Amino acid sequence: MQKHTPPDLPPMKDLTTDNITDNVHTINSSCPDPRTKFLFERLVSHLHDFARETRLSIAEWEAAIKFLVDVGKISTDVRHEFILLSDVLGLSLLVDAIDHPKLPGSTEGTVLGPFHTQDAHHVDAGHHISRDPDGEPLLAVCTVKDTQGRPIPGVSVDVWETDSKGFYDVQYADRSSPDGRAILDSDSDGIVHFNAIVPVPYPIPHDGPVGQLLAKLKRHPYRPSHMHFMFKKEGYDRLITALYLRGDPYETSDAVFGVKESLVVNLSRAGDVEGLAEKYGVSPDTKLLQYDFVLNTVEEARKAREEASLQEIERQGGKLRLQDGLLIPK
């Protein structure tokens, strides 16, 4: 039988709660990619420390394994339960903030959520993105600028929201085409405008394992009223964000930790801005959403990531270094 253990590794025997971690690090140490090796070294360390610190029982470990299996079983192309799990644990927001740092004054990011799709139609400015007859009409007029205040034309702006009942189109079994979502381009003045409906609060899917977890933790499953946005253009760092309605009952207890004060907005009326209702062909009583989005360039984002990484290197006593923009051990 072929031997698979590298000959220069010490034999593993007499494993204990104290030395198992070092042994796992040793057996993983032949990984040729330094970043992958570093990620698994830290993952194993934190998992083992968690087990030791909590004195984890076999019953609890089995329950956790079953939970993850159940999350996998219910996940589909339109129901991303693992993303939902990451969201409710605050991990999604944390990773986005690390990988897409923002310069002062630029628009903050937030969670993608489990209901973004790749099939939204590319539409012209002024398009009605929602076919829901029960939704309260909303006109969105937004600008897209760089950190110097210059308008950015030709930005692909991906928008999606629920219907008036709090459901995304993909949550309906009879869905035949995208609804409540669209992709538009900013014009030469960096303006993007479209017609939608006023967002409403809604519960994240809580009929599965993530919902059971929230119930166990005595947490509600609700998200405050919001509309999702994703901005893409070559040379600019991708921005995933959302705008939240001020005064929503779940504004301060979002189930997926997505709310940031800079993203909380007040709705006004189209008639409150002189000539705006006539310009965009809507009733003066139509609710109005206005916001000035500010994007970072790819280079600005790279420098911000590097600066944050250098601070982490200093925090960890210089034990790490940067390689291709990512941290690895010295």
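Two rings of Phe, Tyr or Trp make a pair if their centres lie within 6.5 Å. Keep that in mind for the close-ups below, which come from a predicted model.

**View 1. Ring pairs join five residues into a cluster.**
The members here are Phe194, Phe229, Phe231, Tyr291 and Phe293, linked by ring pairs. Take a look at two of them, phenylalanine 231 and phenylalanine 293: their ring centres are 4.6 Å apart. The planes of these two rings meet at 50°, so we call the pair tilted. Where do phenylalanine 231 and phenylalanine 293 lie? Phenylalanine 231 sits in strand E7 (residues 226-232) and phenylalanine 293 in strand E11 (residues 287-295), so the pair ties together parts 62 residues apart in sequence. Phenylalanine 231 has 1% relative accessibility and counts as buried. Phenylalanine 293 is buried too, at 1% relative accessibility.

**View 2. Tyrosine 168 and tyrosine 202 form an edge-to-face pair.**
There are nine aromatic pairs in the structure, and here's another one to look at. The ring centres of tyrosine 168 and tyrosine 202 are 5.4 Å apart, and their planes stand at 90°, so the pair is edge-to-face.

**View 3. Helix H1 packs against helix H2.**
Helix H1 (residues 20-28) and H2 have axes 10 Å apart, at an angle of about 165°. That angle makes H1 roughly antiparallel to H2, because angles over 145 degrees get that label. The crossing of H1 and H2 is right-handed. Which residues of H1 make the contact? They are Ile20, Thr21, Val24, His25 and Asn28. On the H2 side, you'll find Lys37, Glu41, Val44, Ser45, His48 and Arg52. Sorted by class, the contact of H1 with H2 has three nonpolar, five polar and three charged residues.

**View 4. Arginine 55 has a positive phi.**
Most residues other than glycine have a negative phi. Arginine 55 isn't a glycine, yet its phi is positive, at about 50°. You'll find arginine 55 in the loop between helix H2 (34-54) and helix H3 (58-74). Its relative accessible area is 63%, so arginine 55 counts as exposed.

**View 5. Aspartate 324 has a positive phi as well.**
The phi of aspartate 324 is about 55°, although this residue is not a glycine. What is the place of aspartate 324? It's in the loop between strand E12 (320-323) and strand E13 (326-329). With a relative accessible area of 76%, aspartate 324 is exposed.

**View 6. The protein has eight helices and 13 strands.**
Taken along the principal axes, the C-alpha atoms of the protein fill a box of roughly 80 × 45 × 40 Å. The protein has 330 residues, and 40% of them count as buried. Among contacts with a separation of 6 or more, 68% are between residues 24 or more positions apart.

Note on methods
Residues are numbered from 1 along each chain as its sequence is written. This is a predicted model: local features need pLDDT of at least 70, side-chain atom pairs count only at pLDDT 80 or more; totals for chains, interfaces and linings use all residues. Side-chain values use heavy atoms; hydrogens and water are left out. Rings of Phe, Tyr and Trp (its six-membered ring) pair if their centres lie within 6.5 Å; planes under 30 degrees apart count as stacked, over 60 as edge-to-face and the rest as tilted. Helices (H or I, at least four residues) and strands (E, at least two) are DSSP runs, numbered from the N terminus. Buried means under 20% relative accessible area, exposed over 50%, partly exposed in between (1.4 Å probe, protein chains only). Axes are lines fitted to C-alpha atoms, for helices over the stretch in contact, and angles run from 0 to 180 degrees between N-to-C directions. Angles under 35 degrees count as roughly parallel, over 145 as roughly antiparallel, 65 to 115 as roughly perpendicular and the rest as oblique. A crossing is left-handed if the near helix is turned anticlockwise from the far one by less than a right angle, and right-handed if clockwise. Contact means heavy atoms within 4.5 Å. Ala, Val, Leu, Ile, Met, Phe, Trp, Tyr, Cys and Pro count as nonpolar, Asp, Glu, Lys and Arg as charged, and the others, Gly among them, as polar.
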